[in-house]
Amino acid sequence: MTLFLEQLLNGVQFGVMLFLLAAGLTLIFGIMGVINLAHGSIYMIGAYAGTWVAAETGSFWLGIPAGLAAAAFAGVVIEFLVVRRLYGRDHLDQVLATFGLILIFNQAITMLFGRQPLFVSMPALLDGSVELLPGLFYPVYRLAIIVVGLLVALGLYLLINKTRVGMLVRAGSTNREMVRALGVDVRLLYTLVFGLGALLAGLAGFMAGPILAVQVGMGEQILITTFVVVVIGGVGSIRGAFFASLILGIVDTSLRAYLPGLLRQIMVGPEADALGAGISSMGIYLLMAIVLLIRPKGLFIRNS
Amino acid sequence: MKLKSSLLAFAAASLFATSALAQDPVKIGMITTLSGPAGYLGQDVRDGFQLAIDMEGGKLGGVPVNVLVEDDGLKPGNGRQIAEKFLNDEGVKLFTGIVFSNVAGATVPEIVDADAIFVSPNAGPSEFAGKGCNPNYFVLSWLTDTMQGSAGENATDLGYKKAFVLAPNYQAGKDAIAGFKRYFKGEIAGELYTRLDQTDFAAEMAQIKAANPDVVFQFQPGGLGIAFLRQYQQSGLLGAIPMVIAEPSMDHAILKAVGDAAEGLNVSGAWNTDLDNDTNREFVAKFQETYKRTPTMYAAQGYDTALAIASVLKQTEGKVEDVEAFRTAMLKTEFKTTRGSFSFGKNQHPVQDWYAMQVVKGDDGQLTLKTRKKLLSAHGDPFAGDCDL
C-alpha cells in the first residue's frame with residue numbers, strides 16, 4: 001500500500017512538472033495558433049540560468065528569480081523577433097522556424113557552458129526525506145515541487161477566471177478574430193501570454209535542475225510528452241492541460257512501475273521485462289490515440 | 001576558457017592544414033556523438049584523439065592525418081548516413097569515433113562491407129565479438145558485457161548476495177545486465193529496464209526500496225547516470241543500500257556533477273586517472289594542461305585509439321588501403337596504452353586488466369576515483385570462442 005501511494009505521489013509530481021510546461025504551450029497554441037517547438041528550449045534556458053546563478057552565488061534561492069527572469073526574457077525576445085512574424089503563416093513554417101530556434105539555443109548553450117551537465121546542490125531545507133505515513137518516506141524536494149505546481153495551477157485558475165487579462169485570454173482562445181475586432185491590443189496580449197508561458201517553463205526547468213541533469217537537449221526530451229498533454233487536454237484549455245498532465249503523469253508512472261510485474265505473472269523471464277518496458281514507454285501515446293479516437297478535440301473541450 | 005580552447009583548436013587545425021598540403025594526409029573519418037545529453041562523451045573521445053595528434057605536431061606515427069569529425073546525434077540512421085558520405089564522397093578508408101552500441105550496430109556493417117576499417121574507441125556491442133566478428137573491425141575499449149560484468153565481479157568480491165539490477169532498454173543495456181549476471185554469483189532480487197530517454201527514476205526508486213536487496217547495480221550512461229544517482233540520494237537509498245557500478249556510470253564528469261552523493265560508491269573499470277604507467281601519467285597531465293578539465297575514460301580511449309592507429313601508420317608508412325597489412329600491423333600491438341597491459345584476443349577485442357575503484361575525498365577535499373585493487377588480470381571476453389578469425 002505504501003508502495004502504491006509512493007508511486008501515486010511520483011505520478012502526481014511528474015504530472016505537475018508537465019503541467020507547468022503544458023500550460024504555456026496550450027495557451028500559445030490556443031490563443032495565437034502557433035506551434036512553438038522552442039518551448040523546450042525556454043525550459044532549458046530557465047534551468048541553465050537558474051542553476052548557473054545558484055552555483056555562482058552558492059544560494060539556491062537566488063537561482064529562482066534568475067531562472068524565471070531569464071526564461072521570461074527569452075520568451076519575450078523570441079516572440080518579438082521570431083514568433084511575431086509567424087502568426088499569419090501556416091503550421092509548417094512555424095514548426096520549421098521554431099525547430100531552427102531549438103538548434104540555435106542548443107548550440108548557444110553548448111558554446112557558453114560546454115557539454116558537461118551542470119550541477120546545483122539542493123538547499124538544506126529541502127534535502128532528505130520525510131515520513132508522510134508510517135513506512136512511507138518521500139523526498140521533501142519532490143513534495144515541494146507538487147506544492148509549487150498546485151499553487152501555480154490555483155494562481156492560473158484565478159488569473160484566467162477572475163481577472164480582465166484572463167477574460168481576454170479566454171476570449172482569445174475561443175475566438176481570436178472577434179477579440180481583435182473588438183479593439184483589444186492583441187499584440188500586447190500575445191507578448192504577455194508568451195512571456196507568461198515562458199515564465200512557467202523556466203520555473204519547471206529550474207525546479208527540475210536538482211533532480212534531473214541540467215544538460216543540453218533536456219527540453220526536447222520532455223517537450224514531446226508535453227505536446228501529448230496538450231492534445232489530450234484539448235488545445236487552449238488550461239483546465240484540460242492540468243487534468244491531462246496529472247492523468248499522464250500517473251499513467252506513465254504506474255505503467256513503468258507495475259506493467260513488467262504484471263507481465264511476469266503470465267510470461268517468463270526477460271521477455272516480460274523487455275515487453276513491459278516497451279509497452280510502458282508507448283503507454284502515453286496509446287492513450288493519446290484512444291483519446292483522439294473518442295474525443296478528437298481533447299478530453300476537456302466540448303465537441304461542437 | 002571555452003573560447004580559448006576553441007581558439008587553440010582553430011590554431012591547431014589551421015597549422016595542421018598548412019602542413020597537410022605538403023604531404024598527402026591520411027583521412028580518418030570520426031563519427032561520434034557530440035550533441036545532446038551524451039555529447040560530452042564524443043567530445044572527450046575527439047579531444048583525446050586530437051591530443052595524440054597535436055602531441056605529434058599534426059601527425060600520427062610520422063604520417064600526416066586529416067580527421068573529419070561529424071556528429072551522429074546518438075541516432076543510428078545518422079551514423080550510417082555519415083559513413084556513406086565519408087566512404088563515397090571523401091574516399092575515407094579508416095573510421096573511428098562511435099560511442100554508442102546502437103549507432104555502431106547500424107554503422108559498422110556499412111563500413112566493413114565497403115572494405116574499410118573501423119577502430120572503436122568506445123562502442124563494444126557483443127554482436128560483433130562472437131560469430132559476428134570481422135577482420136576489419138577492432139575494439140580498443142572493452143565489451144559492454146565485460147565492462148558491466150566487472151561490476152558483477154566487484155559485487156561478488158565485496159560479498160553481496162542479493163542484487164537489484166537496472167539498465168536502459170536498448171542493446172548496451174541488455175548486454176550490461178547479461179554481463180553483470182555472468183560474473184555475479186549471488187541471486188537477482190529484481191530486474192528493470194528503463195527508457196533510454198528517461199531522466200526521472202522515482203518509480204524505479206520505489207521498487208528498489210520495496211525489493212530491499214543487498215546491493216544495487218545500475219547502468220545509466222552520461223546524464224542519465226547523474227540524474228539516477230542524485231535521485232538515489234534524495235530518496236534516502238544512498239545510505240541504506242550500497243551500489244556497484246561500472247565506470248561508464250561514474251566517469252569523472254558524472255563524478256563532478258553528482259557531488260557528495262557519489263562518495264563511497266564502488267566502481268569498476270579498465271582505466272583510471274591514477275593508473276601507474278608512463279603513458280597514462282603523460283596523457284593525464286597533457287590533457288589537463290590542454291583542455292583544463294579532468295579526462296574521462298572516453299578521452300583515454302580516444303587517446304589510446306590514436307596511439308594504436310599511429311603504430312599502424314608507422315609500420316605501413318601511411319597506407320590504409322591494404323587491409324591485410326593494416327591488420328597485421330595492428331595485431332602486433334606495438335603501441336602503449338594508458339591502461340598499461342593491453343593485447344588483442346582472437347576476435348580483435350581487448351584482453352586487459354580490470355580494477356575495483358572507489359569514490360573517495362582526495363587530499364584537496366575534491367571527490368576522486370581511487371583505484372582499490374585489481375579485480376581481473378589479462379581478461380578477455382566470453383564471446384571470443386565463437387569467432388572464426
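Axes are taken here as lines fitted to C-alpha atoms, for helices over the stretch in contact, and the angles between N-to-C directions run from 0 to 180 degrees. In the predicted model, the axes of helix H1 of chain A and helix H8 (residues 186-208) of chain A come within 8 Å and cross at roughly 165°. Since angles over 145 degrees count as roughly antiparallel, H1(A) is therefore roughly antiparallel to H8(A). The crossing of H1(A) past H8(A) is left-handed. On the H1(A) side, the contact is formed by Met17(A), Leu20(A), Leu21(A), Ala23(A), Gly24(A), Leu25(A), Leu27(A), Ile28(A), Ile31(A) and Met32(A). H8(A) contributes Tyr190(A), Val193(A), Phe194(A), Leu196(A), Gly197(A), Ala198(A), Leu200(A), Ala201(A), Leu203(A), Ala204(A) and Ala208(A). By class, the residues of this contact comprise 19 nonpolar, two polar and no charged.

Leu27(A), a residue of helix H1 of chain A, counts as buried because 26 C-beta neighbours lie inside 10 Å, the cut-off being 20 or more. When neighbours within four places in sequence are left aside, Leu27(A) is in contact with Val169(A), Val193(A), Gly197(A) and Ile238(A). Two of these residues, Val193(A) and Gly197(A), belong to the H8(A) side of the helix contact described above. Leu68(A) is 41 residues from Leu27(A) in sequence, and the two C-alpha atoms are 18 Å apart in space.

Val169(A) also takes part in the contact between H5(A) and H6(A). The axes of H5(A) and helix H6 (residues 164-174) of chain A come within 5 Å and cross at roughly 80°, and the two helices are therefore roughly perpendicular to each other. Leu159(A), Ile160(A), Asn161(A) and Lys162(A) of H5(A) meet Val165(A), Gly166(A), Val169(A) and Arg170(A) of H6(A). Four nonpolar, two polar and two charged residues make up this contact.

The contact between the chains draws 37 residues from chain A and 31 residues from chain B. On the side of chain A that touches chain B, two or more residues each come from helix H1 (2-32), helix H4 (91-113), strand S2 (136-139), helix H5 (140-162), helix H9 (218-233), helix H10 (238-266) and helix H11 (269-294) of chain A. H1(A) gives the most to this side, with six residues. The side of chain A that touches chain B has 17 nonpolar, 15 polar and five charged residues.

In chain B, an open sheet of six strands has the order S2-S3-S1-S4-S5-S6, with mixed pairing. Strand S2 (59-60) and strand S6 (137-139) of chain B stand at the edges; each has a single partner strand, so one side of each lacks a neighbour in the sheet. Within this sheet, strand S1 (residues 26-32) and strand S4 (residues 94-96) of chain B pair in the parallel sense over three bridges, and Met30(B) has Thr96(B) as its bridge partner in S4(B). Helix H3 (residues 76-89) of chain B lies across S1, strand S3 (63-71) and S4 of chain B, and runs at about 170° to S1(B).

A further parallel pairing in chain B joins S7(B) to strand S8 (residues 187-194) through seven bridges. Lys162(B) has Glu187(B) as its bridge partner in S8(B). Strand S7 (residues 162-168) of chain B is largely enclosed by the rest of the structure, because six of its seven residues are buried.

Technical notes:
Residues numbered from 1 in each chain as written. Chains lettered and ligands numbered in written order. Predicted model: local features only at pLDDT ≥ 70, side-chain atom pairs only at ≥ 80, totals over all residues. Contact = placed C-beta atoms within 7 Å. Helix = DSSP H or I, 4+ residues; strand = E, 2+ residues; numbered from the N terminus. Nonpolar A, V, L, I, M, F, W, Y, C, P; charged D, E, K, R; others polar. Parallel < 35°, antiparallel > 145°, perpendicular 65-115°, else oblique. Left-handed = near helix turned anticlockwise from the far one by under 90°. Buried ≥ 20, exposed ≤ 12 C-beta atoms within 10 Å, placed from the backbone. Pairing = 2+ DSSP bridges.
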